[in-house]
Amino acid sequence: MQPAENKVDRWGASSAGPESLAVFRQMAASVFDISVEHEEMESCESNFIALLSKQFVLTKASYPHVRLRRFPEIIARSRLDHFVIRLLISGSAAGLAGYQTIEAAAGDVLFIDLSQTLDLQLSAKFGQPSDVSLWIPRARVLAAFSEENALHGLVIEAASPAGAIIGANLKSLNEHIENMTGDEMDAFGSGVLELIARVIAPTLKKTGLSSAPSQLASFVTIRRYIDRNLTSSDLDAATIAKSFGLSRASLYRLFEPVGGIASYIRKTRLDRAFQEVASIEYSNRRIGQIAFSLGFKNISAFNRLFHKVYGLSPREARKQLTDGSSRAIPASTPSSETPFADMLAQIGLP
């Protein structure tokens with residue numbers, strides 16, 4: 001018998017009729033903005049299963065005819081920059097990936113970069129759309145592919161050799177995953193990812209897809225820079241603009257959808273402060289030390305902002321930890337919004 005910690009974690013939900021949209025939203029609300037035609041809600045069904053190992057999430061789902069969108073506000077709020085390799089089992093997908101028009105039919109494989117914008121309509125002439133999707137941490141994709149910016153919106157047709165090979169492997173993973181341990185899922189997922197990288201390399205070379213980063217990719221790069229430098233006293237708009245060779249006006253436009261660059265830095269610092277205040281690792285540090293290290297100079301103002309955003313004081317957040325109760329999670333983090341978003345937040349962690 002396998003040890004419990006080595007099992008594949010599983011989460012699932014299903015429903016029919018008007019509640020089916022709520023089920024699908026429960027799954028995807030932290031990842032996508034979702035809309036559906038009202039008349040579609042009466043007769044549709046939603047079925048969703050997500051399986052988690054340390055490095056990958058695999059989902060299998062059927063759902064109403066829906067429109068999925070990611071725009072800058074959602075990208076910033078979700079803080080997810082994973083890649084998704086989606087095999088369309090039934091139905092079709094059409095829309096925009098960034099500025100690229102995409103169309104995919106049943107059997108095709110679609111690549112999605114969650115750090116970039118997406119506007120995708122999923123539908124089916126008969127029955128409902130369904131898919132099997134492998135969700136991959138960005139670091140794993142960067143290690144496997146030489147140029148990640150060429151992947152967003154890439155469609156590999158089912159009739160092509162690459163499409164047939166990728167589809168067969170994703171179907172095989174789907175068929176056997178519930179009998180796998182977490183280590184087996186990681187090993188299989190790593191092998192599938194390496195295979196995919198090899199079989200689509202000629203396609204990428206043949207199509208000559210541009211590797212120029214989009215504006216949104218620049219946003220993601222700057223966001224990572226901010227995350228790495230939260231404790232720096234020099235972290236401000238002027239320093240960031242200089243570091244990336246941007247004018248202040250360009251930087252402000254880039255962060256305007258999420259409330260501006262200063263607001264974004266302050267909120268990111270506050271989220272980090274919450275994580276440290278309510279973490280066993282930092283339990284020996286004074287709350288004031290944590291606040292000051294993250295650029296908050298006035299502890300009273302920090303306490304008021306903390307309570308306004310999270311609904312409890314820093315002391316109350318730490319008390320939950322010392323009392324042994326469930327640790328509170330900031331409302332802005334993906335893990336607090338849905339079980340599925342929590343799964344995505346876990347993969348790829350050291």
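The model described here is a predicted one.

In total, the count of aromatic pairs comes to nine. Two of them are set out below.

| Pair | Centre to centre | Angle between planes | Arrangement |
|---|---|---|---|
| Phenylalanine 48 and phenylalanine 340 | 5.2 Å | 80° | edge-to-face |
| Phenylalanine 274 and tyrosine 310 | 4.6 Å | 65° | edge-to-face |

Phenylalanine 48 is located in strand E3 (residues 45–52) and phenylalanine 340 in helix H13 (residues 339–346), so their pairing ties together parts that are 292 residues apart in sequence. Phenylalanine 48 and phenylalanine 340 are both buried.

The planes of phenylalanine 274 and tyrosine 310 stand at 65°, and angles over 60 degrees count as edge-to-face, so this pair falls in that class.

Threonine 59 is found in strand E4 (residues 57–62). With a relative accessibility of 2%, threonine 59 counts as buried, because buried means under 20%. Leaving aside residues up to four places away in sequence, threonine 59 touches Phe48, Ile49, Ala50, Asp131, Val132, Ser133, Trp135 and Phe340. Both members of the pair formed by phenylalanine 48 and phenylalanine 340 are thus named among the contacts of threonine 59. The side chain of threonine 59 is also joined to that of tryptophan 135 by a polar contact of 2.9 Å.

Note on methods: Residues are numbered from 1 along each chain as its sequence is written. This is a predicted model: local features need pLDDT of at least 70, side-chain atom pairs count only at pLDDT 80 or more; totals for chains, interfaces and linings use all residues. Side-chain values use heavy atoms; hydrogens and water are left out. Rings of Phe, Tyr and Trp (its six-membered ring) pair if their centres lie within 6.5 Å; planes under 30 degrees apart count as stacked, over 60 as edge-to-face and the rest as tilted. Helices (H or I, at least four residues) and strands (E, at least two) are DSSP runs, numbered from the N terminus. Buried means under 20% relative accessible area, exposed over 50%, partly exposed in between (1.4 Å probe, protein chains only). A polar contact is a pair of N or O atoms within 3.5 Å; within protein, one must be able to donate a hydrogen and the other to accept it, and residues adjacent in sequence count only if both atoms are side-chain atoms. Contact means heavy atoms within 4.5 Å.
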